[in-house]
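Hello,

Here is the structure I promised to pass on. Please have a look at it, and then read on for what turned up.

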Amino acid sequence: MAEVILLRGRPGVGKTTVSNGLQACLHVPIIRKDDIYDAVAGYNDSHELRNRMSYDILYNMLETNRLLHGRVILDFPFNRAEDMRRFDEWVREQGISLRSILCVCSDERIWAERFEARKLAPRPNQLITDFEELKRHYGDLSIDPVEGELIVDTVENIGAILERILDYLN
């Protein structure tokens, strides 16, 4: 059975840093929403359409590879509870094992510093580069975890985070 390791959370919390560390430990591929979004950005100006395309491509890639007995890391936000519920149901229907990790950053000052660094060279997927604007956009920066999901706080040392994730996966 294929296994999907999902790292999700709000923009700028540290999903990519954690997914890079996890990839180095597990030696498995990463599929990032940002990479897909950035690739389609030159073909369409609509943010909503780019997002929808990114998720559609993800679903197609997973469906194509569902019979493989390997692991893949997903670096996808799945910020909305409904989107996460739908994804969880879909992977179960496909016979794919899902291990979800919610990345949070409990120190808003650290999160803001990380986020503000985007202003230096924003990528197409980084439409918001100001932390205060991010707070206005989402209103509530928290995300409710789903049942059985591991929550990691990215203010912790990356080594400690990876150790917790590896324990969770095993």
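A residue counts as buried when its relative accessible area is under 20%. By that cut-off, 46% of the 170 residues of the chain are buried. Please keep in mind that this is a predicted model.

Let me start with the overall fold. The chain has 7 helices and 5 strands. Read from the N terminus, its elements follow the order β-α-β-α-α-β-α-β-α-α-β-α.

Next, the dimensions. The C-alpha trace spans about 40 × 40 × 30 Å along its principal axes. As for contacts between residues at least 6 apart in sequence, 70% of them join residues at least 24 apart.

The chain has an accessible surface of about 9200 Å², and carbon and sulfur atoms account for 50% of that. There are 22 positive and 29 negative charges in the chain, and their mean positions lie 2 Å apart.

You will find N51 in helix 3, which covers residues 47–64. Is N51 buried or exposed? Its relative accessibility is 17%, so N51 counts as buried, given that the cut-off is under 20%. Leaving aside residues up to four places away in sequence, N51 touches K33 and Y37.

Enjoy exploring it!

Best wishes

Conventions. Residues numbered from 1 in each chain as written. Predicted model: local features only at pLDDT ≥ 70, side-chain atom pairs only at ≥ 80, totals over all residues. Heavy atoms only, no water. Helix = DSSP H or I, 4+ residues; strand = E, 2+ residues; numbered from the N terminus. Buried < 20%, exposed > 50% of the residue type's maximum accessible area, 1.4 Å probe, protein only. Contact = heavy atoms within 4.5 Å. Areas by Shrake-Rupley, 256 points an atom, 1.4 Å probe, with all protein chains shown as cover. Lys, Arg positive; Asp, Glu negative; His and termini not counted. Charge placed at Lys NZ, Arg CZ, Asp CG, Glu CD.
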